Amino acid sequence: MELYHNITINHYLVLAAVLFGMGALGILFRRNAIIMFMCIELMLNAVNISLVAFSKMWNHTDAQVFVFFIMVVAAAEVAVGLAILMMLYRNTHSTDTSVLNKLKF
Amino acid sequence: MEKLVTLIPLFPLAGFLFITFLGKGLSKNFIGGIGSGAIFLSFVVSILVFTTQMHGAHPTVVKAFDWITAGTFDIDISFLVDPLSAIYLLFITGVGFLIHLYSIGYMHDDEGFNRFIAYLNLFVFFMLILILGDSYLTMFVGWEGVGLCSFMLIGFWYKDMKNNDAAKKAFIVNRIGDLGLILGMCLLFAYTGTLRYDELFISERAIGGLPTEVATAIGILLFIGAMGKSAQIPLHTWLPDAMAGPTPVSALIHAATMVTAGIYMVARSSNLYAMTESAGDLIMWAGILTSLLGATIALTQNDIKKVLAYSTVSQLGLMFVALGMGAYSTAVFHVITHAFFKALLFLGSGSVIHGMGGEQDIRRMGGLKKHMRTTHLTFLIGTIAIAGIFPFAGFFSKDQIIAVAFEENKLMFLLSLVVSACTAFYMFRLYFLTFHGKFRGTHEQEHHLHESPAVMTLPLVVLAVLSVVGGFIGLPHAVGESMHMHWHWLDHYLDGTVVMPALHMDLNTELMLMGLATIIAVGGIYLAWLKYSKRGELALEDKDITSATHKLMLNKYWFDELYNAIIRKPVDAISKALGSFIEPKIVDGLVEGTGAATDAAGGKLRLLQSGSLFFYILAFVVGLIALLLYI
Amino acid sequence: MLSEYAFWFLSFVAVFSAAGMIFSKNPVYSVLSLIITFFAVAGHYFLLGAQFLAAVHIIVYAGAIMVLFLYVIMMLNLNKLEEEKRSLWSKSLSVAAGGILMLVLLAAVQRTDELNSIAAGEFNAAMGQTKNLGNVLYREFLLPFELASVLFLGAMVGAVYLSKKELA
């Protein structure tokens with residue numbers, strides 16, 4: 001179905017999938033906690049894009065409200081996450097997650 | 001006016017909650033006042049509710065709240081106000097109030113005073129639910145509730161192991177009966193789809209479609225429930241042991257109210273029992289056997305409360321005889337009069353025990369009439385009432401049962417006369433041994449002897465008055481008509497609520513029966529007087545008893561020993577076998593094996609928890625891929 | 001026509017700057033690349049008629065969240081990251097896993113052909129406007145909205161508590 005001139009819902013879904021996959025790849029590839037955080041934001045945004053595209057497709061605002069709430073949660077998550085990161089840095093003087101391997105039996 | 005009915009159980013519940021949660025540190029008189037005041041308020045409301053049923057039955061269902069709602073299936077707690085429940089309400093709250101009042105005096109020096117009053121309140125609450133419930137299910141809630149309270153109150157003095165055993169026995173024996181009741185309810189629901197009295201018996205007559213065999217089965221199962229609660233053979237053994245509880249408990253629960261719940265239930269189901277002959281026969285035979293058994297055992301007992309307990313068993317048996325013969329209103333009549341005089345006798349015995357400083361053996365009493373005038377007089381009235389002497393309450397109700405038996409079944413008639421004679425004999429034996437002759441207790445006890453305080457004697461007096469006049473609510477038919485007095489009021493009152501037997505008796509037969517019953521009763525009294533008062537004989541010490549029948553009766557026909565041998569011992573043996581083989585080998589093996597397996601698996605699995613974030617995320621992503629591929 | 005070009009342009013910008021974010025050595029550059037990605041995403045929102053969301057997106061993500069990231073980087077003084085020592089094996093494994101995930105997702109999208117057969121509804125230009133969204137948000141979603149504010153409060157308290165010096 002065309003959302004607008006020549007662009008269909010599939011285009012947007014592909015875009016979302018690519019961005020999501022890149023986010024996942026980034027999380028796997030990098031060990032720096034800040035970068036990993038940013039990758040998570042990227043993945044959330046990928047999902048948001050698909051939601052807004054669906055909203056357009058169905059002519060319904062519920063999906064947009066959903067996006068709104070995802071933003072809310074993302075903001076809260078970043079606030080707490082970065083605070084944890086600060087703590088982490090204070091204790092280990094590093095933002096490398098590979099030092100965080102104490103949580104094992 | 002009927003709407004007020006929801007208030008009736010609320011007062012005792014409020015009393016219970018108040019005393020339980022806020023009662024600490026308040027004075028005993030205040031707590032007692034709260035407890036009895038709650039019941040008194042219920043009593044007042046009960047009178048108001050009762051007036052709505054006075055002039056013709058006017059059944060009303062008052063919905064209290066939704067209980068279970070699931071789709072189209074919903075159960076609400078509703079109260080049914082009709083003549084039967086109204087009259088039960090009246091005597092339960094009335095007698096209950098008097099017994100609460102009495103308890104204030106009786107339990108005054110007990111450290112568990114608050115707990116006692118709270119339990120009594122809770123009991124009355126459940127009893128009212130039992131009576132007021134508009135369906136078998138609601139009734140069952142109350143049924144179990146009173147069982148629980150009975151358990152707690154029998155074992156009230158829990159420091160003595162004997163009392164706890166008695167409480168457990170009552171609870172367990174009642175469970176057997178309750179199983180029957182549950183099965184009966186299930187069967188009824190399976191066939192009719194409802195448990196509401198209204199839909200079952202009146203508006204939709206849902207029981208109309210029941211095959212006779214099913215009706216019989218339901219009737220028998222329900223009766224098994226009644227057997228447990230109302231102490232009928234073979235489930236009667238708990239009631240005498242239940243006397244381990246404080247005396248007001250014996251009076252309220254194990255004489256006046258709870259044990260008559262079985263009679264209430266059968267009377268409530270009268271439409272069902274009218275459909276089946278054989279269930280009625282079973283009830284009748286169980287009733288008369290119980291009655292004979294109770295009466296003969298009571299002849300030999302020496303514990304003042306045990307005599308009364310077996311007397312209760314016997315009287316309950318008579319009520320079931322009436323039920324079995326289809327005379328439901330007659331049974332209800334006897335329930336009411338019995339509540340008056342048996343509560344009176346128990347409270348009187350409590351007063352005696354109180355005065356004797358805890359002594360319950362009548363062989364250690366005697367000559368108490370000089371010391372306890374009010375108690376003596378009221379106890380005498382109760383004794384005459386239960387023996388069945390005109391015009392005391394017991395006369396009318398017992399005479400009605402005998403009259404019905406005369407019409408229906410001559411064998412029952414003869415046996416009930418035997419019971420009647422025994423009743424008169426053992427009650428007067430008790431009376432003479434307790435109040436006449438010389439004092440046989442210790443010197444210390446004699447010194448201590450005193451009349452009970454007014455708060456205890458007042459209920460005695462009120463109950464004594466009721467025991468005298470209570471019979472007039474049900475004058476015999478023929479006699480009443482010949483005197484142009486429409487005073488066989490109870491039958492009219494209950495007409496339409498329970499099924500009425502068709503009794504056609506002319507005046508002469510009725511008078512003849514009344515005369516016969518009186519002669520029998522007087523004969524029993526005379527014998528007792530001759531033996532225990534004129535000749536001054538005393539009850540034998542246990543070791544002096546030689547006659548085999550006497551021993552048999554004294555030991556309650558060895559029912560307890562029989563149950564021990566055929567039920568408890570095998571169960572014990574099986575348990576032992578299971579305990580020594582199945583438990584350690586199979587059950588423990590399974591349990592410990594599960595534990596060991598989990599432990600081993602955990603030991604391996606924990607290696608996966610490497611602590612490396614990278615590994616976790618990788619596993620997560622791989623899992624996600626697998627999931628998406630699967631879809 | 002113009003919108004079609006806009007789509008391709010914004011998509012390429014988004015994907016390339018996302019790649020830049022992942023592979024840049026300097027975290028500050030990563031943050032800046034991500035901000036560019038977010039602007040591109042906001043552009044997509046505009047194209048899809050969600051004007052309000054586009055505005056909120058820029059304000060929240062570019063304006064607040066990314067600034068927060070920058071702040072943290074500044075405070076921790078992370079201009080140059082010490083080079084991560086990682087085995088080739090784990091690097092290739094992560095690239096493989098990420099790549100496979102992306103392929104699987106794309107394959108899944110390709111199987112949703114039936115979506116294209118759905119007839120277009122009547123386009124409502126006002127749908128993404130603030131007024132419209134506000135109506136939905138404050139009527140149907142009032143309770144989640146209020147809960148979200150509680151969540152924020154919790155997050156705020158948590159963040160303040162965690163970053164207190166004494167804790168360390």
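Visitor: What percentage of the 168 residues of chain C count as buried?
Guide: This is a predicted model, where local features need pLDDT of at least 70, side-chain atom pairs count only at pLDDT 80 or more, and totals for chains, interfaces and linings use all residues. Residues are numbered from 1 along each chain as its sequence is written, with chains lettered from A and ligands numbered from 1 in the order in which they are written. A residue is buried if 20 or more other C-beta atoms, placed from the backbone, lie within 10 Å of its own. In chain C, the share that counts as buried is 27%.

Visitor: How many helices and strands does chain C have?
Guide: Helices (H or I, at least four residues) and strands (E, at least two) are DSSP runs, numbered from the N terminus. From that end, chain C runs α-α-α-α-α-α. The count is six helices and zero strands.

Visitor: Why is H18(B) described as largely enclosed by the rest of the structure?
Guide: Helix H18 of chain B covers residues 410–435. H18(B) is largely enclosed because of its buried residues, 19 of the 26.

Visitor: Is H17(B) roughly parallel or roughly antiparallel to H18(B)?
Guide: H17(B), residues 393–408, packs on H18(B) at about 155°, with axes 8 Å apart. Axes are lines fitted to C-alpha atoms over the stretch in contact, and angles run from 0 to 180 degrees between N-to-C directions. Angles over 145 degrees count as roughly antiparallel. H17(B) is therefore roughly antiparallel to H18(B).

Visitor: Which residues of H18(B) does H17(B) meet?
Guide: Contact means C-beta atoms, placed from the backbone, within 7 Å. From H17(B) come B:Lys398, B:Ile401, B:Ile402, B:Ala405, B:Phe406 and B:Glu408. Their partners in H18(B) are B:Met412, B:Phe413, B:Ser416, B:Leu417 and B:Ser420.

Visitor: Which residues touch the most other members of the largest nonpolar core?
Guide: A nonpolar core is a set of buried Ala, Val, Leu, Ile, Met, Phe, Trp, Tyr and Cys residues joined through C-beta atoms within 7 Å. The largest has 193 residues. Helix H4 of chain B, residues 113–132, gives the most to this core, with 16 residues. The members touching the most others are B:Phe123 and B:Ala343.

Methods: Expected span 1.5 Å × (residues − 1). Buried ≥ 20, exposed ≤ 12 C-beta atoms within 10 Å, placed from the backbone. Parallel < 35°, antiparallel > 145°, perpendicular 65-115°, else oblique. Contact = placed C-beta atoms within 7 Å.
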